Every structure is written in structure tokens, then in C-alpha cells.
Amino acid sequence: MTITNLKTLYKFTSSLFDREDQAKKAAMIILGILKARSPRITEVARAIPKAFFAGHKMIYRFLKRAPLKEALLRLFHEDAPFVICDPTEIPRPQARRTPYVGTLKDGKTKGFQLLVFSSPYKGRAIPFWFVVFSSRTISQEESSRNLVHLKAFLQVKDLLGERPLVLDREFSYGRLLSQLKGAGIHFVVRLNTARHPSFTDKEGQKRRLSLACGERVFLEGLRYKGEVEVNVAGVWEKGHSEPLWVITDLSPQEALSIYRKRMAIEESFRDLKTLLSLEKLMNKAREYLEGMVALMLMAYGIGLALGEAVRETVFGGSRSYRLYSGLFVLLRLKVKVSYEDIRKIVEQSLSLFPWLALSPVSTHV
């Protein structure tokens with residue numbers, strides 16, 4: 001029997017949307033995304049049984065009317081110890097006239113940036129918010145990369161509370177860290193040592209970051225580029241070509257532990273591109289683009305939960321299947337399941353989202 005069916009998906013979407021008709025349509029579209037393994041509306045429409053859905057025009061109407069980002073926000077995990085923010089470049093080389101498409105970091109390729117916020121959960125990550133921007137939108141809004149990043153982080157500030165925001169090395173610039181600290185947002189950021197960052201100690205003396213293979217170091221009360229007081233943690237593990245440095249406003253020991261957990265989770269984000277073909281996003285209007293991104297991230301989160309439950313129910317503790325992500329198990333492995341197994345899988349996957357059974361989270365973002 002098929003695990004990814006309309007009835008199963010509706011069990012999730014009925015908690016994400018307040019209106020029954022929207023929950024049913026969302027379940028249909030997510031079913032199409034998982035079947036097509038693509039975000040292209042024409043491909044998704046073909047993957048949905050015609051008895052349930054009347055073509056791609058209905059998808060466009062749904063994208064325009066449904067509160068998709070607010071629904072995605074309900075996947076935020078209230079008990080998460082930290083929040084991960086991952087940037088991804090989406091190339092669109094042929095999109096010369098698309099308003100939201102600019103130039104990627106190489107200075108040549110057309111495309112845009114997708115900034116995804118996720119909650120860690122059981123060794124994986126569940127997306128709950130995102131921001132789309134590009135060099136063109138920054139120019140049109142007379143903004144800057146720094147302001148776009150800061151605005152995105154402020155959007156999730158109330159959800160973060162005391163949780164730290166965990167960021168990769170491209171966010172390790174002094175002005176942003178100073179603004180985060182001023183806004184009361186805790187942070188754990190991998191330091192970009194290629195920029196030759198400068199630090200001074202409490203006496204104003206320059207402090208060089210130095211570490212031998214096999215060593216770790218924890219430093220407190222340093223000033224980063226003379227702009228913001230931070231703590232720094234470093235470790236150089238055997239088998240790695242370079243040390244890992246983390247900059248934070250938390251204790252350096254805690255920050256290093258948090259960032260290493262993020263590195264283990266990082267692998268799961270590749271599924272969005274390899275299994276769901278995220279880079280195929282081809283919407284001319286930004287409104288439709290953001291709607292499809294929200295549905296893609298919902299499909300990812302739900303598919304991940306179902307796949308993890310398949311792993312536990314069908315394969316048990318087999319080590320070989322630990323090599324695969326839950327979404328890979330769901331979409332790529334040919335698994336025969338009974339009706340009773342499906343019931344167990346659905347119950348177990350829904351248990352990953354116990355907060356959805358409670359009152360909906362605030363959608364103030």
C-alpha cells in the first residue's frame with residue numbers, strides 16, 4: 001500500500017490550515033510535489049489525480065489566496081534548543097526579465113537567494129520560515145545584504161526567545177553580530193577565517209587565533225574587529241584539513257556544542273535539491289514563487305517525518321538504513337507495507353509534531 005496518500009497528508013495539513021478546503025488542497029499539492037519530486041507547477045499538476053484536482057490553474061488560485069507562509073510557521077518546534085538559518089543559491093540562468101532574479105555570488109549567473117529557518121528535531125531539521133531576496137531586490141528596495149539579513153532575523157525574534165540563532169560563516173561580519181547583540185538575539189556563528197578576522201583582548205592587545213591539530217580552545221571577552229564583544233571557541237579534530245572556529249555571545253563551550261550539532265543536521269538540507277529538485281523553481285511572479293517554496297518546505301517536513309517512521313517501523317535498528325535520510329527512505333526505497341504498518345507509520349510520524357495538536361502558534365511574523 002502507498003504511504004503518501006491524500007488521507008495521510010491531510011492529517012498533517014488539517015493542523016496547518018484553519019480552513020478545511022485549504023487543508024485539502026494543500027494535501028493534494030503536497031502529494032503532487034512528493035510524486036513529481038519537483039516544484040514546477042505543471043509537473044505537480046500532472047502528478048495529482050484528475051479526480052481530485054482540476055489542473056494547474058487551481059494551483060495558481062490556491063497559491064494566491066492561501067496563507068502559506070503562516071501555515072508553514074506552524075511547523076516551528078516550541079521545544080527546539082536552537083534555530084538554524086541556512087542560505088541557498090537558486091540559479092535561474094534563463095530568467096532575464098524575472099523581477100526578483102538578480103546575480104549570484106559568482107557575479108555572472110542569474111538567480112536568487114533562499115534563506116531558510118529550521119528547528120532541529122531528532123537529528124534532522126524541520127523548516128518553518130524563509131526569506132527570498134537577490135541582488136536585484138536589494139537594489140530595488142535601496143537596501144543592503146546586511147539589512148536584508150537583519151530584517152529576516154528580526155522577523156523570527158519573538159519565536160527565538162532565548163534560543164540562539166545558528167549561522168554559517170558568511171554571516172560572520174562584525175556589523176551584523178553587533179546588531180544581533182543589540183536586538184537581544186543570541187547567536188552562534190562559524191567564523192570565516194579566510195577574511196583574516198581581527199580580535200583584541202580586554203587590554204586592547206591584538207589576539208591571534210591559533211590552534212594545533214587535536215587541540216581545542218575557549219576564549220572569552222574578545223572584541224571582534226573592535227566592534228562587538230564576543231566569545232570564541234575553536235577545535236581542530238584529527239582527519240580535518242582545518243580547525244573549526246565559532247563566534248558567539250553564549251559561553252564558548254556551549255556554542256561549540258551547538259554548532260557541532262548543526263553540522264550533523266546540515267546533511268538533511270541537501271534533500272531539498274537532490275530529492276525534491278528545489279533548483280527547478282520556475283515562477284515568474286514572486287508571489288507564486290514564495291507560495292511554492294512554502295509548500296515545498298511543508299512537503300519536506302512531512303516527508304521527512306513519514307520517512308523516519310518508515311525507517312523505524314520497517315527497518316528497525318538496522319545500521320545500513322541509518323545512512324539514508326528519512327525523505328530518501330520514503331521516496332527512493334521500494335518498501336512494501338501493510339495496512340497495519342501504514343497506521344503505525346502515520347501515528348509515529350504525527351508524534352514528531354505534537355505541538356500541532358495544541359492551539360495554533362501565533363502567526364505574527
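Leaving aside neighbours within four places in sequence, Thr98 is in contact (heavy atoms within 4.5 Å) with Arg92, Arg136, Asn283 and Lys284. This is a predicted model, where local features need pLDDT of at least 70 and side-chain atom pairs count only at pLDDT 80 or more, while totals for chains, interfaces and linings use all residues. Residues are numbered from 1 along each chain as its sequence is written, and side-chain values use heavy atoms, with hydrogens and water left out.

**Thr98**
- Thr98 sits in the loop between β1 (83–91) and β2 (102–103); strands are DSSP runs of E with at least two residues, and helices are runs of H or I with at least four, numbered from the N terminus.
- With 8% relative accessibility, Thr98 counts as buried (under 20% relative accessible area, with a 1.4 Å probe and protein chains only).

**Helices α2 and α4**
- The axes of α2 (residues 20–36) and α4 (residues 56–65) come within 11 Å and cross at roughly 125°; axes are lines fitted to C-alpha atoms over the stretch in contact, with angles from 0 to 180 degrees between N-to-C directions.
- From α2, Gln22, Lys25, Ala26 and Ile29 meet Met58, Ile59, Phe62 and Arg65 of α4.

**Helix α12**
- Of the 30 residues of α12, 25 are buried, so this helix is largely enclosed by the rest of the structure.

Definitions and conventions. Buried means under 20% relative accessible area, exposed over 50%, partly exposed in between (1.4 Å probe, protein chains only).
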